[in-house]
Amino acid sequence: MINIHLQSEGVHCDVSRREFCIYEKGILIQSIPPQKVKQIFVYPRASISTNGVLLAHDLQKQVIWCRENGQGVSSSYSPYLKSHAFGVREQLRICESEEARRMAAGWIIEKIKGRITLLDDKVFQIRTKPRWVAYQAKVSDLLSVVEDNPILVFDHEGWISKSYFSYFSRVLPMGMQFQRRSRKPAVDLANACLNYLYGIFYHQLEAAIMKVGLDPYIGFHHSMRKRQKAFLFDVIEPYRPWCESLLLREGETLVRLEAAQDKFMAGGYLLSIESRKLLTQAFYDAWQQKRTKVNSSKVYKTMRTISKEIIRIGRQ
């Protein structure tokens, strides 16, 4: 099974004799039997005919329309059982259920554990600080309490994250330490870097969510009333410590790159082009390695597992 990526200028997908035919500037370059096709990705400079979309629909093949950077923005669904529409239907069915909230709570608990491990693994000396030891013990006690009822973690996530970032700031290099998390806009270098890394991960994770046939807008914990990608914000939680580890690794280089930059624009901190290139390269170097804890294939497998669990719960 292969994925068809229609990317280049003038590339067009049509149908002939019940096969997907790929043309480049009007010249046939490849014919692909539909049984070999898993998904079709269409980028802005390429196109697909109505017949191509209809054949994909009839054979339960998903068509995903993407931006230039590969971020999926829309897709076609087939109405058949076990198609992508079936997964979305079950996701919508359970989104306000107790089981869905327990899933979302589990992702937050994974994030909390990952952050504790991050500071222990990356910066060993922080363990000697009495306040850190007390914080770690308090969080461990809380996790023991919520083990039987994970939903209780929602009541404590705020202070856990606030305290965590106070310690995270202390282990960053001089010139990058910050007082609090700021998002839109970021008010300092560290927050701008975190927002940038999270943003790259959002794009990759959204593509994985759509590939497994789930809807990034149907959330379990984050509100859908704000017209935000609520499910995307739910499932990214366990991966935030991984993004933060990249910032710890590249912190000193970023401080040097930003030393001579005009840093503020419209009330927020503006990352230099050099810093953005560094963070992007660091992200994709780690993202494409097979042995790393978080990479493209492992994230996709996790989304597949989540999709199967949602369908299982929905069919109960």
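Okay, let's start at one residue: Arg-17 is exposed, with a relative accessible area of 80%. On the wording here, buried is under 20% relative accessible area, exposed is over 50%, and partly exposed is in between, using a 1.4 Å probe and protein chains only.

Before going on, a word on what you're looking at. This is a predicted model, where local features need pLDDT of at least 70 and side-chain atom pairs count only at pLDDT 80 or more, while totals for chains, interfaces and linings use all residues. Residues are numbered from 1 along each chain as its sequence is written, and side-chain values use heavy atoms, with hydrogens and water left out.

Back to Arg-17, then. Where does Arg-17 lie? You'll find Arg-17 in the loop between strand 2 (11–16) and strand 3 (19–24). When I say helix or strand, I mean DSSP runs numbered from the N terminus: H or I over at least four residues for helices, E over at least two for strands. Now the backbone: phi of Arg-17 is near 55°, a positive value in a residue other than glycine. Arg-18 is found in the loop between strand 2 and strand 3 as well, and its phi is near 60°, again positive in a residue other than glycine. For background, most residues other than glycine have a negative phi, and most peptide bonds are trans.

That second point brings up another spot. The peptide bond from Lys-184 to Pro-185 is cis, with omega near 0°. Pro-185 sits in the loop between helix 5 and helix 6.

Pairing here asks for at least two DSSP bridges between two strands. Strand 2 and strand 6 run parallel and are joined by 2 bridges.

Gly-10 is partly exposed, with a relative accessible area of 32%. Which residues does Gly-10 touch, not counting those up to four places away in sequence? They are Tyr-23, Glu-24, Lys-25 and Arg-45, with contact meaning heavy atoms within 4.5 Å. The C-alpha atoms of Gly-10 and Lys-25 are separated by 5.1 Å, though these residues are 15 apart along the chain.

Strand 5 is mostly covered, with 5 of its 6 residues buried. Strand 1 and strand 5 (residues 37–42) pair in the parallel sense over 5 bridges. In strand 5, Phe-41 is the bridge partner of His-5, and Ile-40 is the bridge partner of Ile-4. Strand 5 also pairs with strand 7, in the parallel sense, over 4 bridges. There, Ile-40 has Val-63 of strand 7 as its bridge partner.

Last stop, the lining residues of the largest cavity. Lys-111, Ile-112, Arg-115, Ile-116, Tyr-135, Ile-160, Ser-161 and Tyr-164 line the largest cavity. To be clear on the term, on a 1 Å grid over the protein atoms alone, a cavity is a set of points where a 1.4 Å probe fits but cannot get out, and lining residues have an atom within 4 Å of a point. Helix 3 (98–122) and helix 5 (157–170) are the elements that give two or more residues to this lining. Helix 3 provides the largest share, 4 residues.

Key
1 Å grid on protein atoms, 1.4 Å probe; cavity = no way out; pocket = protein on both sides within 12 Å on 5 of 7 lines; lining within 4 Å.
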